[in-house]
Amino acid sequence: MHHQHPSTFITEFTVRTCEDTSLNQNEDNFQPNPVQRPPTQNLYAPFETGDPVGLRRAVLPVFERDPDGRLTGLGTAFHVDGQGGLLTAEHVVDFMREGLKLSNDSPLEIDSKSNKNAVVMLGMGVCLGRVGVPQWAFPFVREVGVELLWPDDPMAEISGKPPRFNALDFARISVEIPRQAYDSDLVPKTLPVQCSGWMPKEGEYVLAFGYPQLKDSDEVPESMKNMLSNDGLHSAFGKISKVHPKGRDSMNPTPCFEVEAHWPGGMSGGPVVNESGNVIGIVSRSLLPDGELPGAGWATCLTLIPEIRE
């Protein structure tokens with residue numbers, strides 16, 4: 001990426017998947033396409049990334065699937081291990097553990113036949129005609145792992161009160177990549193995650209990825225499935241304005257950094273990268289712009305959470 005003075009707005013980031021880096025590490029002339037904001041685009045507004053064969057296979061939309069197969073939008077997740085392991089925001093998938101015992105010891109295994117399931121949508125390329133997106137492109141989330149904080153009142157259990165756990169707003173989820181994806185050479189690509197060596201600084205620009213088209217409780221029509229299978233991935237810049245090493249408050253204890261940004265709800269759980277193209281955060285919460293006031297976003301800061309390295 002070309003370097004500019006820190007006070008100058010950076011209009012493009014170069015982001016590469018781990019697979020692209022490995023494949024082309026010996027090619028001196030390899031020039032990946034940068035993610036570049038359209039010159040007429042509002043400063044922070046989301047814009048189409050336009051990379052269906054690369055990042056679209058690394059950053060995946062997440063849906064809730066009901067027993068009848070209807071899908072509603074939840075947010076975004078991204079692939080990190082090449083074997084069906086992804087990261088997302090905890091609040092994107094928190095509905096899956098309602099009424100279940102919470103534990104840090106092992107990931108929560110999910111029964112795919114239960115009433116509430118989450119699925120991710122693999123990148124497929126163009127789907128034409130009436131065939132549409134095949135069902136195997138929607139693998140179920142099989143495990144959810146979260147990091148729980150000690151209850152506010154450790155004496156609650158003794159006194160008969162149920163302890164109140166707070167979960168940090170990141171979750172490790174896993175899906176089983178179907179055989180058909182390997183046959184089609186459509187296995188998800190992975191993004192490089194940086195868990196140390198970077199600290200957020202006020203005035204620094206970051207770039208988030210996700211699916212702002214997804215809205216809670218809105219059923220996803222077939223036309224949107226076809227569009228999302230091919231592309232649909234959006235990017236949105238943000239400028240770091242504050243850092244919260246111990247979280248925003250007792251109800252939001254996740255170490256995070258705050259940005260001036262326009263990150264709609266469907267981007268929740270999406271990766272946030274620095275200028276080096278490494279994932280250093282996860283989209284957590286946001287407030288949309290209001291008139292002349294810029295929007296605000298909060299990103300879980302991976303380098304401020306030692307547990308993530310494990």
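In this predicted model, Cys-301 is buried, since its relative accessible area is 0%. The closest cysteine sulfur to that of Cys-301 belongs to Cys-256 and lies 8.4 Å away, which is too far for a bond. A disulfide is a covalent bond between the sulfur atoms of two cysteines, and a pair of cysteine sulfur atoms counts as one when they lie within 2.5 Å. The structure as a whole holds 0 disulfides. Another cysteine, Cys-195, also counts as buried, because its relative accessibility is 16% and the limit for a buried residue is under 20%.

Cys-301 falls within the residue range of strand 16, which spans residues 296–301. Strand 16 pairs with strand 15 in the antiparallel sense over 6 bridges, and within this pairing Ile-282 has Thr-300 of strand 16 as its bridge partner. Strand 15, which covers residues 279–287, is also paired in the antiparallel sense with strand 14, residues 271–273, in this case over 3 bridges. Here Val-272 stands opposite Gly-281 of strand 15. Strands 14 and 15 form a hairpin in which 5 residues lie between the two strands, and Gly-277, located in the turn, has a positive phi of about 85 degrees. In a regular strand, the side chains alternate between the two faces of the sheet.

Turning to the chain as a whole, the protein has 5 helices and 16 strands, and of its 310 residues 50% count as buried. Among contacts with a separation of 6 or more, 68% are accounted for by residues 24 or more positions apart. The protein chain exposes about 15500 Å², of which carbon and sulfur atoms supply 49%.

The count of aromatic pairs comes to 4. One of them is formed by Phe-13 and Phe-237, whose ring centres are 5.4 Å apart and whose planes stand at 70 degrees, an edge-to-face arrangement. This pair links distant parts of the chain, for Phe-13 lies in strand 1 (residues 12–13) and Phe-237 in strand 12 (residues 234–244), with 224 residues separating the two. Phe-13 counts as buried because its relative accessibility is 0%, and Phe-237 is likewise buried, with a relative accessible area of 0%. A ring is involved in another kind of arrangement at Trp-298, where Arg-248 lies over the face of the ring at 4.0 Å from its centre.

Among the helices, helix 5 comprises residues 222–230, and its buried residues include Met-224, Lys-225, Asn-226, Leu-228 and Ser-229. An α-helix has 3.6 residues a turn, so residues three or four places apart point the same way. The buried residues of helix 5 pack against strand 4 (59–65) and strand 5 (71–79). After helix 5 comes Gly-232, which has a positive phi near 80 degrees.

A further arginine, Arg-172, is found in strand 10, which runs over residues 166–175. Its relative accessible area is 36%, so Arg-172 is partly exposed. When neighbours within four places in sequence are left aside, Arg-172 is in contact with Leu-86, Leu-87, Glu-143, Val-144, Gly-145, Val-146 and Glu-147. Val-144 is 28 residues away from Arg-172 in sequence, yet the two are 5.8 Å apart in space, C-alpha to C-alpha.

Conventions:
Residues numbered from 1 in each chain as written. Heavy atoms only, no water. Buried < 20%, exposed > 50% of the residue type's maximum accessible area, 1.4 Å probe, protein only. Phe/Tyr/Trp six-rings, centres within 6.5 Å; stacked < 30°, edge-to-face > 60°. Helix = DSSP H or I, 4+ residues; strand = E, 2+ residues; numbered from the N terminus. Lys NZ or Arg CZ within 6 Å of the ring centre and 35° of its normal. Contact = heavy atoms within 4.5 Å. Areas by Shrake-Rupley, 256 points an atom, 1.4 Å probe, with all protein chains shown as cover. Pairing = 2+ DSSP bridges.
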